[in-house]
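User: I would like a close look at one part of this model, the cavities and what surrounds them. Please give the cut-offs along with the values.

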Amino acid sequence: MAGLKDATAIAGIGRTAFAKQLPESERTLACRAIVAALDDAGIAASEVDAFASYTMEETDEVEIAKAIGAGDVTFFSKVGYGGGGSCATLAHLAAAIATGQASVGVAWRSRKRGSGPRPWRNTAAQLPTPGQWTRPFGLLRPADEIGMLARRYMHEYGATRDHLFNVALACRNRANQNPAAMMYDRPLTRDMYMNSRWISEPLCLFDNCLETDGALACVVVSAERARDCRQKPVYLHSVAQGLPAQHHGMVNYWNDSPLTGPAWTAARQLWKTADFGPEDVDVAQIYDAFTPLIPLSLEGYGFCGRGEGAAFTEGGALETGGRLPINTAGGGLSEAYVHGFNLITEGVRQLRGTSTAQVPAAATCLVTAGEGVPTSAVLLRS
């Protein structure tokens with residue numbers, strides 16, 4: 001992994017609009033985001049020779065390559081576990097480019113989650129083995145599974161709904177500065193949060209991510225080439241994936257420590273190959289499908305000790321000017337939920353200096369994928 005350190009960079013980013021419903025197909029949205037990212041980098045589509053996306057991505061590299069006019073493709077991969085795969089797409093492209101398998105890589109995610117069906121509604125599908133022990137008893141949705149972990153966390157460490165509100169508010173405040181965010185013109189107050197309906201107690205409406213149609217993409221090239229591209233390079237300093245021993249996914253209740261999720265495994269690898277530590281991170285884009293994932297991730301990635309993640313959110317710590325500004329475009333809670341890919345593109349904007357909620361002189365950024373499932377993370381630097 002040390003051989004990947006700063007060897008590649010993100011040269012271009014692109015996105016479509018975000019909305020509850022968009023008329024275009026997922027393929028059209030994907031192509032628009034990819035073409036926008038290539039234009040941002042100043043690279044012709046005919047030069048693309050590598051692709052990486054998610055196993056849950058409905059569009060594939062064959063149809064995407066034809067539609068955008070790519071040349072011969074010499075590397076392609078897909079990463080599993082939904083939002084856990086976001087940063088791993090960058091890791092795969094970085095490894096391919098650093099080892100000479102490819103020269104111009106595209107990572108993307110296109111999803112019509114807002115207008116499409118909810119995945120858990122298909123009751124005819126065979127349940128995976130862990131699900132056979134949980135879903136018949138009411139844990140039907142990811143919100144139910146994370147709700148159980150949140151209740152355990154509250155019981156063991158004294159976290160409260162006010163701590164979860166701190167997370168939701170920080171993300172909403174940043175979305176209110178971002179015209180591209182779905183929640184741009186919709187402020188959040190404590191009264192609104194505390195009086196909103198339950199989704200899966202103790203998680204209320206505002207503890208849950210948005211349902212979004214949209215697509216995003218980024219272009220990865222060698223560090224040398226990135227310096228000659230149209231935009232300021234953002235280097236992939238360290239990348240990691242994490243799957244703990246004897247892990248069971250979000251329903252991780254059989255482990256001795258259910259609250260020690262994949263973030264801890266990914267973090268050990270991430271920091272091992274980095275030239276700086278958590279104390280040197282200027283801004284973080286932390287996967288926020290649900291508010292409890294933020295305190296759990298703060299602990300897993302070493303910003304505080306076990307059980308201290310909730311208290312870390314106090315006093316405006318997650319806001320601009322706080323100890324660790326997070327999710328500065330609004331994140332999955334308030335900008336858009338596209339399996340975490342918008343966290344990557346916002347990390348790039350922060351280090352370019354073009355964010356709508358810019359952290360002054362930001363030079364390092366942590367981006368994380370979904371906690372609770374096999375996950376991934378990347379450290380970006382300018």
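Which helix gives the largest share of the lining of the second largest cavity?

Analyst: The largest share comes from helix H5 (residues 142-157), with three residues of that lining. Helices here are DSSP runs of H or I with at least four residues, strands are runs of E with at least two, and both are numbered from the N terminus. The model is predicted, so local features need pLDDT of at least 70 and side-chain atom pairs count only at pLDDT 80 or more, while totals for chains, interfaces and linings use all residues. Residues are numbered from 1 along each chain as its sequence is written, and side-chain values use heavy atoms, with hydrogens and water left out.

The lining of the second largest cavity consists of Ala150, Tyr153, Met154, Ala159, Thr160, Leu164, Pro292 and Pro295. A cavity is a set of points, on a 1 Å grid over the protein atoms alone, where a 1.4 Å probe fits but cannot get out; lining residues have an atom within 4 Å of a point. The volume of this cavity is about 50 Å³, where a volume is the space filled by probe spheres set on the points, and grid points are joined across faces, edges and corners. By class, seven of its lining residues are nonpolar, one is polar and none is charged. Ala, Val, Leu, Ile, Met, Phe, Trp, Tyr, Cys and Pro count as nonpolar, Asp, Glu, Lys and Arg as charged, and the others, Gly among them, as polar.

The search of the whole structure finds two cavities of 30 Å³ or more. The largest cavity holds about 70 Å³ of space. Its lining is made up of Leu149, His247, Gly249, Met250, Asn252, Pro258, Leu259, Gly261, Leu296, Glu371 and Gly372. That lining divides into five nonpolar, five polar and one charged residues.

Leu296, one of the residues lining the largest cavity, also takes part in a helix contact: Ala263, Trp264 and Ala267 of H9 meet Leu296, Glu299 and Gly300 of H10, contact meaning heavy atoms within 4.5 Å. The axes of helix H9 (residues 262-272) and helix H10 (residues 293-300) come within 8 Å and cross at roughly 35°. Axes are lines fitted to C-alpha atoms, for helices over the stretch in contact, and angles run from 0 to 180 degrees between N-to-C directions. H9 and H10 cross in a right-handed sense; a crossing is right-handed if the near helix is turned clockwise from the far one by less than a right angle, and left-handed if anticlockwise. The contact of H9 with H10 has four nonpolar, one polar and one charged residues.

The loop between strand E8 (234-242) and H9 holds Gln246. Gln246 is not a glycine, yet has a positive phi of about 60°.

For an open site, take the second largest pocket, with about 230 Å³ of space. A pocket is an open set of grid points with protein on both sides within 12 Å along at least five of seven lines. Strand E4 (residues 104-112) gives the most to its lining, three residues. Among the lining residues are Arg109, Arg111, Lys112, Arg113 and His339. By class, the lining of this pocket has three nonpolar, two polar and seven charged residues.
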